[in-house]
Amino acid sequence: MTNAWTDIKNTDLVVVMGGNAAEAHPCGFKWVTEAKAHRGAKLIVVDPRYTRTASVSDVYAPIRQGSDITFLNAVINYCIQNDKVQWEYTKAYTNAAFIVKEGFGYADGLFSGYDEEKRDYDRSSWDYEFGEDGFAKVDPTLQHPRCVWNLLKAHVAAYTPELVERICGTPRQKFLQIAGMIAECSSPTKTMTSMYALGWTQHSHGAQNIRAMAMLQLILGNIGVRGGGMNALRGHSNIQGLTDLGLMSHLLTGYLNMPTEKEVDYKTYMASRQFRPLRPGQTSYWQNYSKFMVSFQKAMWGDAATAENDWCYHYLSKLDVPAYDILRMFELMNQGKVNGYICQGFNPLLAFPNRGKVAAGLARLKFLITMDPLETETARFWENHGDFNDVDTKAIQTEVFQLPTVCFAEDQGSLTNSGRWLQWFWPAATPPGEAKADTWIMAQIFLRMRELYRKEGGAFPDPILNLSWQYHNPGEPEPEELAKEINGRALTDLRDPADPSRILVEAGKQVVNFSQLRDDGSTMSGCWIYSGCFNEAGNNMARRDNHDPDNTGAHPNWTFAWPLNRRTLYNRASADLDGKPWDPSRKLLEWDGAKWVGYDVPDIAPTAKPRDVMPFIMNQEGVSRLFARGMLRDGPFPAHMEPFESPIANPFNPKMRGNPVGRIFESDVAQFGTSEEFPYAATSYRLTEHFHYWTKHNRVNAALQPEFFVELSEELAREKGIAGGSWVRVWSKRGSVRAKAVVTKRIRPLICDGKTVHVIGIPLHWGFVGAARKGFGPNSLSPFVGEANIETPGYKAFLVNIEPSTAPRGGVVA
């Protein structure tokens, strides 16, 4: 999220695609209503269903799930064709002028370098042309045929209003109305914000959905400004914190990378992470990677990490594959290659795709440990509940350990919200029964493991034996201790490089922020981007000063936002090349002749001169990327790709199924359905009254949405002889569910490629434990498919069939 929830009130136009904020983020949606009430902002919703967000929109357009790239590329094309580009911003702050090397191309739905046998690209042609000085070549006039701008123009030229109607099913005139409203936000004094969620990420091409909107926002000049940005609406309150702290199989904390088997030593690992600037004078802040990495390793292994042993680099696991994500783990479970699984605060049996495969994998484990405050279906996967969980209990030998944990209201610590705000919270109640804090449970497991390694040795016990564990109570680290460890401290006196006689931070003291981290072993920090959250000034996450100078929505003294308490990322881009705000009425920063001043912490060196250093300081180019070089597996530009299960063929290449480099396993290919057998396009979604699988334990929430249902149009209901409130069976190549039918005008048939496409909506909250009636969910039907870049499962577009049916066995019949 580039901006913050509170900043949305500053916008002129809200576009919600790939999300349903009024229903899934009802508190945050307040800021949309603020913008509408006080700025006269308009709200556009593009969604397969007429949602609760759409019900308060100014313009709603239907779209077939999985076709958002076509829609967005067509809007980019519309803006280019109608000269609705914020040219000064685009020329100065994007890589539009960069020249791409010869050999790059796109044809038949594929970029240059595709290897069909490997299902992967050779991305060597997806790069810039470099001069003898080592810098990327540019053409500020944008005349060179291979400059990014001309390649982008050529790429999106095929995406016309007619193609949108053909692929997306969105009526041409409705698309043109929306494109016109968006295009008006190319004015420096009119901004648009994008709000998206899992409706974009949970596709095999999810990253490219987001890229397409980011590119549109860049040519409109809407990144880094008040009321603009790309705003990812996180689900749980700490999902942002999960990724920040490296709880993904390919990441360390602060988005540092896990090493691979090819990176045999620290020198090799760092060789590709020098991040030399690609244009003169640019910051390329990732040049500080070694400072963050060494400080992380010192936090992990303390005195054991030295320069002589590469800071214990050999302690880190080395990946032999890109990631051990959830899809790969359950694939390995089904192959009998995983013995045990620790499931902390999650419910895979209902949350991971292809429930049949998930259940089969759990049944092959030797042991399963669940850590949760409530009963979950995963912990009870071995119980037979009739049609709701039809398993042979006697045949399942997995030993299950249920460890009751405290719930959020009984815990203490920090949560990181969508806007990157780290907010400290305190316990409101005492945990019941045997419930223990997650930190206590993990500490007990670690201490026992370490003792076993001490007694019994092992092939390589060093990483466990030498793990830094310097807590007041080793059996239960305190939240404040962990927060201070994450912030980081000086291990020796930190002296000023410009004046060695001056000590900046005394040994043992907290560093102020990550600017003080070093790669000589003199500092430690558990997560560099969080550094500053708990320094010598105290617990900045606990701050509760809601003062907001000039009513900007920044609230700079309310909690702490990473990085460095910046509320809007890339905020230097809110001013023109000379440092003057594009829109004086929505100033964030300006150049006073010596430094950057304003309402937010500058996302640039405070004294960096406006025309010398560009705003996108994390990028080697110094500018933003309309062309992503070789950084994404599926292309430097977004291109239309059909879901792996689609009601129509890909118009750009009828032979191409799904994302050509999407995550699929050979064992799952046979379970992909076709539109001949499964003619209806299904999608999953959430309901306000149920929060995932938690509130179904609450009788009030269970009563508000009492029964599992599927949603279908009046037209499809007539065609199939289905009455509202009757039982139906919905099935895919992977499973079957029974549900009550909700026949509604909220979903309408679409005409795509000359074919009527019916959409079926499937909410995801029910199960077979808790206070709610037993029910199913969409993961019984969804395919085992992952996003090409980060392996997010694709729940949002798959094929099903539907027919009238009877009530399922094992439930309460109403």
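I began with the domain layout: the C-alpha centres of domain 1 and domain 2 lie 28 Å apart. The model I am reading is predicted. I looked up the bounds next. The domain assignment puts domain 1 at 5-232 and domain 2 at 666-804. Then I checked what each side gives to the contact. Domain 1 supplies 25 residues and domain 2 supplies 28 residues.

**UniProt feature**

I went to the record for annotation. UniProt, in an unreviewed entry, places "domain: Molybdopterin dinucleotide-binding" at residues 682-749. I looked up the secondary structure there. Over residues 682-749 I find 19% helix and 34% strand. The end C-alpha atoms of this stretch are 12 Å apart.

**Helices 6 and 7**

I turned to a helix pair. Two packed helices are described by the angle and the distance between their axes, so I looked up both. Helix 6 covers residues 161-168 and helix 7 covers residues 172-183. Their axes come within 9 Å and cross at roughly 120°. I note helix 6 as oblique to helix 7 because of that angle; the perpendicular class runs from 65 to 115 degrees. The crossing of helix 6 past helix 7 is right-handed.

Which residues in helix 6 and helix 7 meet? From helix 6 I list Pro 161, Glu 162, Val 164 and Glu 165. They meet Arg 172, Phe 175 and Leu 176 of helix 7. I sorted this contact by class: four residues are nonpolar, three are charged and none is polar.

Note on methods
Residues are numbered from 1 along each chain as its sequence is written. This is a predicted model: local features need pLDDT of at least 70, side-chain atom pairs count only at pLDDT 80 or more; totals for chains, interfaces and linings use all residues. Side-chain values use heavy atoms; hydrogens and water are left out. Axes are lines fitted to C-alpha atoms, for helices over the stretch in contact, and angles run from 0 to 180 degrees between N-to-C directions. Helices (H or I, at least four residues) and strands (E, at least two) are DSSP runs, numbered from the N terminus. Angles under 35 degrees count as roughly parallel, over 145 as roughly antiparallel, 65 to 115 as roughly perpendicular and the rest as oblique. A crossing is left-handed if the near helix is turned anticlockwise from the far one by less than a right angle, and right-handed if clockwise. Contact means heavy atoms within 4.5 Å. Ala, Val, Leu, Ile, Met, Phe, Trp, Tyr, Cys and Pro count as nonpolar, Asp, Glu, Lys and Arg as charged, and the others, Gly among them, as polar. UniProt positions are given in the numbering used here, feature names are shortened, and annotations may be inferred rather than shown by experiment. Domain bounds come from an automatic or database domain assignment.
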